[in-house]
Amino acid sequence: METMRRFPWVILATVAVSAVASALRGGGALLEYDRAQVAGGAVWRLLTGQMVHWTARMALADLAVLLGLGLWLEIGGRRRALVLALGLGAAVTALGVQFFQPGLAVYRGSSGLAAALFTLTALEAMRPPAGRRSFRLAACALLLFTAKVAWETAGGTPLFAGDLTDGVAATPLIHLLGGLAGLAAFEIDLRKERTKRT
């Protein structure tokens, strides 16, 4: 029974759906965020745009991060925090693209979700009874993530994005918002946990 409770179905389903959507012929154009189509009523594209990618390398990078971190969280008994991070990450990415990037006509990628899980995982790894080494590694990971986002926001070359299709650029704001979503998910989950104990 405990094995079934810890089975990582949430992250496996999330990654599988995204992988299939990205691999479908014409799936990108069908599901990508398209500002004109969203304005015309296709609001689901706010979310489905995060399931498809511009290149196979981009899909592999985003989905590998999601899978690895999601497995660690879910198998480790942090499913509620994982679901919160995925939900908040998807919401803030959608709102960020729609309202804070008015010049962005189309968008694809799940790097906002990956950033949310990265932040959440680092914070979870720092929680007691984390050892000193684990705490330091997680703190360094958060510092490096912050430096990466700051570099990209300042106009530096996007790190880890690889070669994208002509006319496509990485969107650093999405990584920042995703990271904040991971922080919010951690705090909400922590409060719920404390409330449950009292």
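Start with the second largest pocket, which has a volume of about 150 Å³. A pocket here is an open set of points on a 1 Å grid where a 1.4 Å probe fits, with protein on both sides within 12 Å along at least five of seven lines, and lining residues have an atom within 4 Å of a point. Helix 2 (9-23), helix 5 (45-48) and helix 7 (79-100) each supply at least two residues of that lining. By class it holds five nonpolar, four polar and no charged residues.

One reminder: this is a predicted model, with local features needing pLDDT of at least 70 and side-chain atom pairs pLDDT 80 or more, while totals for chains, interfaces and linings use all residues. Residues are numbered from 1 along each chain, and side-chain values use heavy atoms, leaving out hydrogens and water.

Next, select helix 8 (residues 111-126) and helix 10 (residues 172-197), whose axes lie 7 Å apart at an angle of about 40°.

Last stop: where is Pro129? Look in the loop between helix 8 and helix 9 (132-153). A cis peptide bond joins Pro128 and Pro129, with omega about 10°.

How values were computed:
Axes are lines fitted to C-alpha atoms, for helices over the stretch in contact, and angles run from 0 to 180 degrees between N-to-C directions. Helices (H or I, at least four residues) and strands (E, at least two) are DSSP runs, numbered from the N terminus. Grid points are joined across faces, edges and corners, and a volume is the space filled by probe spheres set on the points. Ala, Val, Leu, Ile, Met, Phe, Trp, Tyr, Cys and Pro count as nonpolar, Asp, Glu, Lys and Arg as charged, and the others, Gly among them, as polar.
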